[in-house]
Each structure stands twice: as structure tokens, then as C-alpha cells.
Amino acid sequence: MNTAANNRIALSAVLITLNADKQIAKALESLQFCADLVVVDSNSTDDTIEIAQKFGARVVQQDWLGFGPQKQFAVTQATYDWVLCLDADERATPELERSIRAVMQQAEQGLLPVDVAGFDMPRCNFFLGRYLRHGEGYPDYSRRLFNRKMANWSNDAVHEKVECTIPDTRFEKLEGDLLHESAESLESYLTKQNRYTSIQAQHLAAHGRWPGLGKLMLSPVVRFIKFYLVRKGFLDGWPGLVHIAIGCFNSFMKYAKTRELMQQKREC
């Protein structure tokens, strides 16, 4: 244990959780190279907190704010300015750890270019019993490692993203996969996607973005061509087909729900 502690680097790993006791252990185990582990929990009723503390994480309670604001709150709780943000069902591979160690060593020695705000990493999604290696399932670059003085999470309630806060700064890419190992069933995945499209539609409607019939009809077709054919999602077998089919349906439903909401407003 002392050897592992001595090998830790000056980096804060932050996670947000809610009843994640079936997943969080593997995530925190993969982050033991970080000197600071922070878990921001939204009043879990399972063993999430106990497991987090077992792996040496500081647990902070915060009522749910929405994905973007919740993750940004978690970043503010970090000890170090360089933060690595993971979800409870994600884990860093040894290859990714080596890449992170290398760039953090550069940062510590002042060798990192001053305009680099952070790094994107390839995320590999586990879906229907298989890691997706093509289509929209891979490399699925995700922006998770950044300097909080130069970037932060957006305020989006869903599909949040890390954005630069300093002009003329940029993100580079890391090698090594971030594994997304969601064990949810297809039914629960569809339920979550239905919720996400509703949140997206509310956002679009609130900004008065009325989607035309062309966008409604063509967006799923363009998505299918791009990810299933051009980016070879068909090589991922039937899980790849199901994954893109749901993605295309989500694209259609997002705009359909937006039109419904805006029509309701017009009729009021």
C-alpha cells in the first residue's frame, strides 16, 4: 500500500455518484495513481459512500444540480488544479494511466505548452456484451483531463462538455482507452435515452429552435450513413446495429419532442 501511495501523482480524480455501489469500486481502483480522490454523491441509499471511503476518497454530499453543474461543483472540490473526471461506470486502463502520468510529469516540470488546457481520451463503450470498436461507439473521444484554471464543465443538464475558459487554448489527445463498462440492460438503456432526448428537447424549445421537417427526417439518415457505413459500425455485429439504430431514433425523437413542446407553447 505504501508503494502505491508513493507512486501517486499530483492529480485530482473526481466522480459524481448516485447509488453506484455496483460500479464505483472498479472506477476508484483504476484511479489509485491519483493523489486526490473526490466523490460528490447525491444522497445515495446503497453502499456507494462506504465503498468510496474504503478506496480513500473524500465524499462530499450535494443535491442533484444537473450533469454539467454537478460535475463542475465536483471540480471545485478538488485539491489540485489538474483534474481527471470519470463516471462511476468508467475506468482508466493501464495504457491510459501511463499517458496521463507522462503529461502530468511534463506539466510539473514546466514542459507542457502553456496553451494546452487539457486532453481528450478515446472512450471504448461496452454495449450488449461487446466493446464497440467502430461507428459512434469508438473512439468516442472524451474530454476528461484538464486544468480547471483554463477550462470547466458546461451548464448543460445533459450531454455536458468541457469548454476552454481562456482564449487561444487547446486540447490534445491521449493514448490509451477509457473503458465505459455500463452493465445496464437494453430496457434501462432505452429508458435513459428517452429521458435524455426529453431534456435535449426542452433545451432546444427554450431557445426557440423550431426544427423543420427536413431536419426531423434527414438527421437520422445522415447519422446512420456517417456512423454505420462510413465509420464502419457494421463491423461491431448486431450490438453495433442496435447501437446506431437507437442513436438514429434518438435524433428523430429529440426534434419530434421539440416540435411538440413548441407547438404546445403556441397553442397556449
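**Notebook: a walk through the model**

I began at the surface, where Val221, Ile225, Leu229, Val230, Phe234 and Leu235 form a nonpolar patch with about 530 Å² of accessible area together. A reminder to myself: this is a predicted model.

**Entry on helix H7**

I picked leucine 229 from that patch and found it in helix H7. Is leucine 229 buried, partly exposed or exposed? Its relative accessible area is 44%, so I noted it as partly exposed, since that class lies between under 20% for buried and over 50% for exposed.

Next I looked up leucine 218, which also has its place in helix H7, residues 213-230. Leucine 218 counts as exposed because its relative accessibility is 53% and the cut-off for exposed is over 50%. I then checked how far leucine 218 is from glutamine 202: they are 16 residues apart in sequence, and their C-alpha atoms are 21 Å apart in space.

**Entry on strand E6**

I moved on to strand E6, residues 116-121, and counted its buried residues: 6 of 6, so I wrote it down as mostly covered. Which strands does E6 pair with? With strand E12 (residues 170-173) the pairing is parallel, over 4 bridges. With strand E9 (residues 142-147) the pairing is antiparallel, again over 4 bridges.

**Entry on the open sheet**

I also traced an open sheet of 4 strands, in the order E5-E13-E7-E8, with mixed pairing. Strand E5 (90-92) and strand E8 (130-131) are at its edges; each has a single partner strand, so one side of each has no neighbour in the sheet.

At the E8 end I looked at how E8 is joined to strand E7 (residues 123-127): the two run antiparallel and share 2 bridges. Phenylalanine 126 has tyrosine 131 in E8 as its bridge partner.

My last stop was the second largest pocket, which holds about 160 Å³ of space. Its lining is made of Ile9, Ala10, Tyr80, Asp81, Trp82, Arg101, Met104, Gln105, Ala107 and Glu108. Which elements give two or more residues to this lining? They are strand E1 (9-17) and helix H5 (94-108). I noted that H5 gives the most, with 5 residues.

Technical notes. Residues are numbered from 1 along each chain as its sequence is written. This is a predicted model: local features need pLDDT of at least 70, side-chain atom pairs count only at pLDDT 80 or more; totals for chains, interfaces and linings use all residues. Side-chain values use heavy atoms; hydrogens and water are left out. Buried means under 20% relative accessible area, exposed over 50%, partly exposed in between (1.4 Å probe, protein chains only). Two strands pair if DSSP finds at least two bridges between them. Patches are made of residues with over 30% relative accessible area and no salt bridge: like charges are joined within 9 Å, nonpolar side chains (Val, Leu, Ile, Met, Phe, Trp, Tyr) within 5 Å. Accessible areas come from the Shrake-Rupley method with a 1.4 Å probe; for residues, only the protein chains shown count as cover. A salt bridge is a side-chain nitrogen of Lys or Arg within 4 Å of a carboxyl oxygen of Asp or Glu. On a 1 Å grid over the protein atoms alone, a cavity is a set of points where a 1.4 Å probe fits but cannot get out, and a pocket is an open set with protein on both sides within 12 Å along at least five of seven lines; lining residues have an atom within 4 Å of a point. Grid points are joined across faces, edges and corners, and a volume is the space filled by probe spheres set on the points.
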